[in-house]
Amino acid sequence: MRQGFYKLTGVVLKRHETSEGDIRLYNLFRDFGPQWILAPGAARGRRRFGGATEPLIWGHFSCYKSPKQLYLRDIEVKEDHWNIRSNPDKLERAMIWANLLTKYLLPLQPCNEVMAVFYDSLCLLEGDIDESMIEWRFLYRWMKKWGLAPELIRCASCGKEVTTAYWDGDVVFCEECRSNKDELIIPKEELREMVFAFALPRESLVRWIQRVELRANYVVYNRKLRDILRLSLA
Ligand SMILES: [Zn+2]
């Protein structure tokens, strides 16, 4: 980024107040990736931004880039996800996702595709949908963009369509190719549901979810995905 004025679109992932009364935000910006942005004196009242510096706030951030720092000048809030921030369980879930992004996205590297996945998941989290399933969608979509998500439809060994799936480490096998007895076995109906959960566009998912009873154990599957993330990106 060159020195000068910018209007950046992004979301607050993390907020930190310094002992000097500054606010430091770690934002995910479209086209510019994650980075720190400083609002000098903002916590002491020299320049107030109200609630606009809270995590999960999406908006246009007017900034000045000096040779060393990015300074915040103004925020135009576009989406505050109030339904999430006013619900402790939803907020906790969303902050787990924001923390994963903080941890795994490379600073200053644009990642608009993951930003879109995050936005989609937060919009779904605002509604009355199973949170573990939304987390599955969030993690799977993100990891698929990065080539880390296990292929669920075709066997990693023979390439045939899997019916009952045997999930072993970061790959999924069919009945014939399964390698050992420690795999996670996913029955056909669950597998189908898990594919729908990540593949359907948001509006279709909202309609679909009203007609089905979720069976898949997303808590377990999400743990598997997070393990893959950790092992791949550590
Ligand atoms: Zn196979």
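Analyst: The protein is divided into domain 1 (4-82) and domain 2 (128-233), with bounds that come from an automatic or database domain assignment. The C-alpha centres of the two domains lie 35 Å apart. This is a predicted model, in which local features need pLDDT of at least 70 and side-chain atom pairs count only at pLDDT 80 or more, while totals for chains, interfaces and linings use all residues. Residues are numbered from 1 along each chain as its sequence is written, and side-chain values use heavy atoms, with hydrogens and water left out.

User: What makes the residues that coordinate the zinc ion its donors?

Analyst: Donors are N, O and S atoms within 2.8 Å of the metal (3.2 Å for Na, K and Ca); water is not among the atoms, so sites may look incomplete. The SG atoms of Cys 155, Cys 158, Cys 174 and Cys 177 coordinate the zinc ion at 2.3 Å, so they meet the 2.8 Å limit.

User: Why is the arrangement around the zinc ion called tetrahedral?

Analyst: Four donors count as tetrahedral if all angles lie between 85 and 135 degrees. The 4 donor atoms here subtend angles of 104 to 113 degrees, and the arrangement is therefore tetrahedral. Along the chain, the donors follow the spacing C-x2-C-x15-C-x2-C. Cys 155 lies in the loop between helix H4 (131-145) and strand S6 (165-168), and Cys 174 in the loop between strand S7 (171-173) and strand S8 (184-186), so the pair ties together parts 19 residues apart in sequence. Helices (H or I, at least four residues) and strands (E, at least two) are DSSP runs, numbered from the N terminus.

User: How do you know whether Cys 155 is buried or exposed?

Analyst: Buried means under 20% relative accessible area, exposed over 50%, and partly exposed in between (1.4 Å probe, protein chains only). Cys 155 has 5%, and is therefore buried; Cys 174, with 9%, is buried too.

User: What makes Trp 58 and Tyr 119 an aromatic pair, and of which kind?

Analyst: Rings of Phe, Tyr and Trp (its six-membered ring) pair if their centres lie within 6.5 Å; planes under 30 degrees apart count as stacked, over 60 as edge-to-face and the rest as tilted. The structure holds 18 aromatic pairs. Trp 58 and Tyr 119 lie 5.0 Å centre to centre, with 75 degrees between the planes, and the pair is edge-to-face. The pair links strand S4 (residues 58-65) to helix H3 (residues 112-125), 61 residues apart. Trp 58 is buried at 8%, whereas Tyr 119 is partly exposed at 28%.

Key:
Tetrahedral: all angles 85-135°; square planar, octahedral: opposite > 155°, others 65-115°.
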